[in-house]
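Biologist: Hi! I'm new to this one. Could you walk me through it?

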Amino acid sequence: VISAPMVWLLFRDPPDGRRALARGAVNPDATPAAGPTGVHWTRGRVLRDPLFYLIMCGTMAPPAIGTLFIFHQAHLAELKGWELTVLTAFFPVLAATVVTTSIVAGFLVDRFGAWRLIPGLLIPLGLGSLVLATLTPLWVIPLFLVLFGMTTGLMAPVLGALWAEIYGTAHLGAVRSLATAAMV
């Protein structure tokens with residue numbers, strides 16, 4: 001009873017709604033910063049940019065590998081000779097690593113920029129996958145989850161800022177929707 005009117009009241013005119021359009025603002029919350037070319041890219045222009053597809057090749061790997069790991073954890077445990085309960089008992093390590101790395105990644109993005117961090121984005125996941133593929137002791141489980149969690153924790157802060165750095169902020173929602181749709 002209270003929430004519905006509050007939601008309606010607070011969201012009746014979004015930042016890019018009637019009042020913003022009357023002022024001529026595309027997105028009044030966005031900073032005036034443009035991408036490296038000095039232009040705010042549209043969705044169509046981004047779709048014609050080869051760099052977007054190169055970045056997407058790398059950024060689609062962690063969700064795909066993570067989904068594979070989660071869906072096939074019972075089979076993996078059987079192949080490695082681990083108890084499934086032991087494997088799943090280490091999942092809080094993954095969660096803690098993702099949270100910690102996300103917080104640290106936000107600081108790193110602010111300090112160095114997302115463009116400088118993108119080359120190292122897949123290194124922890126690559127090392128973790130190599131360890132998981134070649135070793136069978138139980139200590140491999142938390143090591144893999146820490147390395148996987150580092151890449152997962154880096155993804156949101158780095159990619160969120162990367163799109164703004166490369167393509168500007170005026171059409172950031174359209175650009176991010178492309179990237180998110182590709183990862184799904």
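**Around a helix and a buried threonine**

Modeller: Just after H11, Gly168 takes a positive phi of about 85 degrees. This is a predicted model, where local features need pLDDT of at least 70 and side-chain atom pairs count only at 80 or more, while totals for chains, interfaces and linings use all residues. Residues are numbered from 1 along each chain as its sequence is written, and side-chain values use heavy atoms, without hydrogens and water.

Biologist: How many residues does H11 have, and how far does it reach?

Modeller: H11 covers residues 140–167, 28 residues, and spans 39 Å from first C-alpha to last. That is close to the expected 40 Å, taken as 1.5 Å times one less than the number of residues.

Biologist: Where is the kink in H11?

Modeller: At Met155, shortly before Pro157, with an angle of about 35 degrees. The bend is the angle between axes fitted to the seven residues ending there and the seven starting there.

Biologist: Why is H11 called largely enclosed?

Modeller: Because 20 of its 28 residues are buried, meaning under 20% relative accessible area with a 1.4 Å probe, protein chains only.

Biologist: New topic: is Thr59 buried or exposed?

Modeller: Thr59, in helix H4, is buried, at 1% relative accessibility.

Biologist: What does Thr59 touch?

Modeller: Leaving out residues up to four places away in sequence, Thr59 touches Leu121, Met155, Leu159 and Met183; contact means heavy atoms within 4.5 Å.

Biologist: And how many helices and strands are in the chain?

Modeller: Twelve helices and zero strands, counted as DSSP runs (H or I, at least four residues, for helices; E, at least two, for strands) numbered from the N terminus.

Conventions
Buried means under 20% relative accessible area, exposed over 50%, partly exposed in between (1.4 Å probe, protein chains only).
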